[in-house]
Amino acid sequence: MDKQTWQFINSFAPWFSALGTISAVIASLYLATKTRRLHIKVTASLNTLVQTGMPSRDYVTISAVNLGAREVTITGIGWSLPFKRTKLFQIPGAPEYSSKLPVRLRDGESANFYVSAKPGLGDENWIPSVKDYLGTAHGLKVHFLRAQVHTSVGKTFYARPDRHIRNLLTGKETDQ
């Protein structure tokens, strides 16, 4: 190769150096801010509690697991529809099983909140109150319903209820 070819090739060196520097800065900023973000996995499912000597009871369970490195405080739970301004704030039932609000979660810790899905043993029925919130055509709106977990820093995490909860609200699932 002649001298001109080498000069042409070497003219790209400052560009590659600048590109490498910018990439390193972006990567370091991403890694630095990643540890400051909240990351909570939320699930909403229907579960049956079975105890010896007691009849089984169905509970709607909202679970939150802290998957981030930052400690988070959960201040409330609830339900929402994306096209409706009002939200339903849920008071956890079953105080002997539910996590107490507010609850602090470190990395990997979880909180579970139970609400009686069907009446029994002094529990109220959760289904009519949610159906009232959904209003008319609740069968269609159930597909847009989301469980919410609220944090102390104002961030809310959402989860779609599982198939069993959606079936309960639309009347497709009955007592067995």
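Buried means under 20% relative accessible area, exposed means over 50%, and partly exposed lies in between (1.4 Å probe, protein chains only). The legends below describe a predicted model, in which local features need pLDDT of at least 70, side-chain atom pairs count only at pLDDT 80 or more, and totals for chains, interfaces and linings use all residues. Residues are numbered from 1 along each chain as its sequence is written, and side-chain values use heavy atoms, with hydrogens and water left out.

View 1. Tyr59 is buried, at 4% relative accessibility. Rings of Phe, Tyr and Trp (its six-membered ring) pair if their centres lie within 6.5 Å; planes under 30 degrees apart count as stacked, over 60 as edge-to-face and the rest as tilted. The structure holds 5 aromatic pairs. One of them joins Tyr59 and Tyr97 edge-to-face, with 6.5 Å centre to centre and 65° between the planes. This pair links distant parts of the chain: Tyr59 sits in strand S2 (residues 57–66), and Tyr97 in the loop between strand S4 (88–90) and strand S5 (103–105), 38 residues apart. Strands (E, at least two residues) and helices (H or I, at least four) are DSSP runs, numbered from the N terminus. Tyr97 is partly exposed, at 30% relative accessibility. Tyr59 also pairs with Tyr114: the ring centres are 5.9 Å apart and the planes at 75°, so this pair is edge-to-face too. Tyr59 lies in strand S2 and Tyr114 in strand S6 (residues 110–116), so the pair ties together parts that are 55 residues apart in sequence.

View 2. Ser45 is found in strand S1 (residues 40–49). Is Ser45 buried or exposed? Ser45 is buried, with a relative accessible area of 17%. Its side chain makes a polar contact with the side chain of Asn47, at 3.1 Å. A polar contact is a pair of N or O atoms within 3.5 Å; within protein, one must be able to donate a hydrogen and the other to accept it, and residues adjacent in sequence count only if both atoms are side-chain atoms. Leaving aside residues up to four places away in sequence, Ser45 touches Tyr59, Val60, Thr61, Asp162 and Ile165. Contact here means heavy atoms within 4.5 Å.

**View 3. Salt bridges.** A salt bridge is a side-chain nitrogen of Lys or Arg within 4 Å of a carboxyl oxygen of Asp or Glu. A search of the whole structure finds 3 salt bridges. Arg57 bridges to Glu96, the closest N and O atoms being 3.7 Å apart. Arg57 lies in strand S2 and Glu96 in the loop between S4 and S5, so the pair ties together parts that are 39 residues apart in sequence. Arg57 is buried at 13% relative accessibility, whereas Glu96 is exposed at 51%. Arg104 forms a salt bridge with Glu71, with the closest N and O atoms 3.0 Å apart. Arg104 lies in strand S5 and Glu71 in the loop between S2 and strand S3 (72–80), so the pair ties together parts that are 33 residues apart in sequence. Arg104 is exposed, at 58% relative accessibility. Glu71 is partly exposed, at 36%. Glu109 and Arg106 also meet through their side chains in a salt bridge (3.3 Å, N to O). Glu109 is partly exposed, at 29%.

**View 4. Helix H5 and what follows.** In helix H5 (residues 163–170), Ile165, Arg166, Asn167, Leu168 and Leu169 are buried. The buried residues of H5 pack against S1, S2, helix H3 (126–134) and helix H4 (138–141). Gly171 follows H5, and its phi is positive, near 85°.

**View 5. The nonpolar patch.** Met1, Trp6, Phe8, Ile9, Phe12, Trp15, Phe16 and Leu19 make a nonpolar surface patch of about 1,000 Å². Helix H1 (3–10) and helix H2 (13–34) are the elements that give two or more residues to this patch. Patch residues have over 30% relative accessible area and no salt bridge; like charges are joined within 9 Å, nonpolar side chains (Val, Leu, Ile, Met, Phe, Trp, Tyr) within 5 Å. Phe8 is placed in helix H1. Phe8 is exposed, with a relative accessible area of 54%. Ring pairs link Phe8, Phe12 and Phe16 into a cluster.

**View 6. A cis peptide bond.** Leu101 and Pro102 are joined by a cis peptide bond, with omega about -10°. Pro102 lies in the loop between S4 and S5.

Terms used. Accessible areas come from the Shrake-Rupley method with a 1.4 Å probe; for residues, only the protein chains shown count as cover.
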